[in-house]
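Welcome, and thanks for taking a look at this one with us. Please keep the viewer open while you read the briefing.

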Amino acid sequence: MITIPAQPDPFRFDPRRTALVMIDMQRDFIEPGGFGATLGNDVSLLAPVVDAAAALVAWCRALGIWVIHTKECHRPDLSDCPPAKLRRGKPSLRIGDPGVMGRILIDGEPGADFVPALAPAPGDLVIAKPGKGAFYATVLEDELKARHITHLIFGGVTTEVCVQTTMREANDRGFECAIVEEATGSYFPEFKDSALAMIRAQGGIVGWTMKLADMP
Ligand code: C5J
């Protein structure tokens with residue numbers, strides 16, 4: 001068993017029953033010209049997350065923790081993209097439109113791929129997800145149950161959207177969840193802080209928050 005200092009109290013887990021869920025470390029969210037930028041966000045705010053997320057992946061691999069990568073993306077014909085999601089907001093380019101990294105948020109396009117530092121390795125699981133939560137319309141829950149996973153460690157972007165949504169979905173399904181602060185980020189730093197505070201409040205109502213610096 002491994003015990004990490006965390007909030008609201010230490011997070012204790014068996015690496016053989018634990019998976020890392022690295023959320024949406026895709027070029028479309030992190031690099032200029034992608035989905036995040038088309039929504040008017042300053043994507044440079046996510047740059048520091050890349051090194052920390054890569055360090056978290058390396059830490060997990062060293063302990064034999066199974067690594068899962070999610071990517072938010074849609075089929076080329078957009079049949080898995082609800083019209084409400086397609087219409088939402090006033091982006092300069094919509095999902096499926098051609099951009100500088102290919103069609104925005106479409107599976108198989110360069111922008112929907114992972115940033116090089118977070119490229120999956122053999123044995124990792126990659127989950128393509130049409131929603132913000134990684135359990136919606138995916139095989140994630142079945143895969144975790146097949147491997148008898150009980151604990152999940154989270155990183156990725158953005159903290160208050162896809163990371164928090166997935167963590168809440170996982171919490172409702174009975175997984176013990178912890179998020180690593182340095183390895184997650186938001187276009188809105190205040191939203192990241194609030195999401196972390198919400199997660200660990202009330203005795204860890206959604207789960208634990210912990211720091212990479214405390215993970216030996
Ligand atoms: C967003 C995500 N922010 N991966 N997606 O739309 O958080």
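At what angle do helix H6 and helix H7 pack, and how far apart are their axes? In this predicted model, H6 (residues 159–172) packs with H7 (residues 189–204) at about 20°, and their axes are 10 Å apart.

**The H6 and H7 pair**

- Angles under 35 degrees count as roughly parallel, and H6 and H7 are therefore roughly parallel to each other.
- The crossing in which H6 passes H7 is right-handed.
- On the H6 side, the residues that meet H7 are Thr159, Glu160, Gln164 and Met167. Their partners in H7 are Phe191, Lys192, Ser194, Ala195 and Ile199.
- Sorted by class, the residues in this contact are 4 nonpolar, 3 polar and 2 charged.

- Buried residues in H6 are Thr159, Glu160, Val161, Cys162, Val163, Gln164, Thr166, Met167 and Ala170.
- Which elements cover them? The cover includes strands E4 (18–23), E5 (66–72), E9 (151–157) and E10 (176–185), along with H7.
- Just after H6, you will find Gly174 with a positive phi of about 95°.

**The protein as a whole**

- The protein has 7 helices and 11 strands.
- Its C-alpha trace spans about 50 × 35 × 30 Å along the principal axes.
- A compact globule with 216 residues would have a radius of gyration near 17 Å, and the 16 Å of the protein agrees with that.
- Buried residues make up 44% of the 216 in the protein.
- If you take contacts between residues at least 6 apart in sequence, 72% of them join residues at least 24 apart.

**Leu46, a buried loop residue**

- Leu46 belongs to the loop between helix H2 (35–38) and helix H3 (47–62).
- Is Leu46 buried or exposed? Leu46 counts as buried because 23 C-beta neighbours lie inside 10 Å, where the cut-off for burial is 20 or more.
- Leaving out residues up to four places away in sequence, Leu46 touches Phe29, Ile30, Val157 and Gly185.
- Met25 is 21 residues from Leu46 in sequence, and their C-alpha atoms are 9.7 Å apart in space.

**Backbone details worth a look**

- Gln7 and Pro8 are joined by a cis peptide bond with omega of about 10°. Pro8 lies in the loop between strand E2 (6–7) and strand E3 (11–13).
- Ala137 is not a glycine, yet its phi is positive, at about 60°. You can find Ala137 in the loop between strand E8 (125–129) and helix H5 (140–146).
- Ala137 is exposed, because it has 12 other C-beta atoms within 10 Å and the cut-off for exposed is 12 or fewer.
- Gln202 is another residue other than glycine with a positive phi, near 55°, and Gln202 is placed in helix H7.
- With 9 other C-beta atoms within 10 Å, Gln202 is therefore exposed.

Methods
Residues numbered from 1 in each chain as written. Predicted model: local features only at pLDDT ≥ 70, side-chain atom pairs only at ≥ 80, totals over all residues. Axes fitted to C-alpha atoms, helices over the stretch in contact; angles between N-to-C directions. Helix = DSSP H or I, 4+ residues; strand = E, 2+ residues; numbered from the N terminus. Parallel < 35°, antiparallel > 145°, perpendicular 65-115°, else oblique. Left-handed = near helix turned anticlockwise from the far one by under 90°. Contact = placed C-beta atoms within 7 Å. Nonpolar A, V, L, I, M, F, W, Y, C, P; charged D, E, K, R; others polar. Rg over C-alpha atoms; globule rule 2.2 N^0.38 Å.
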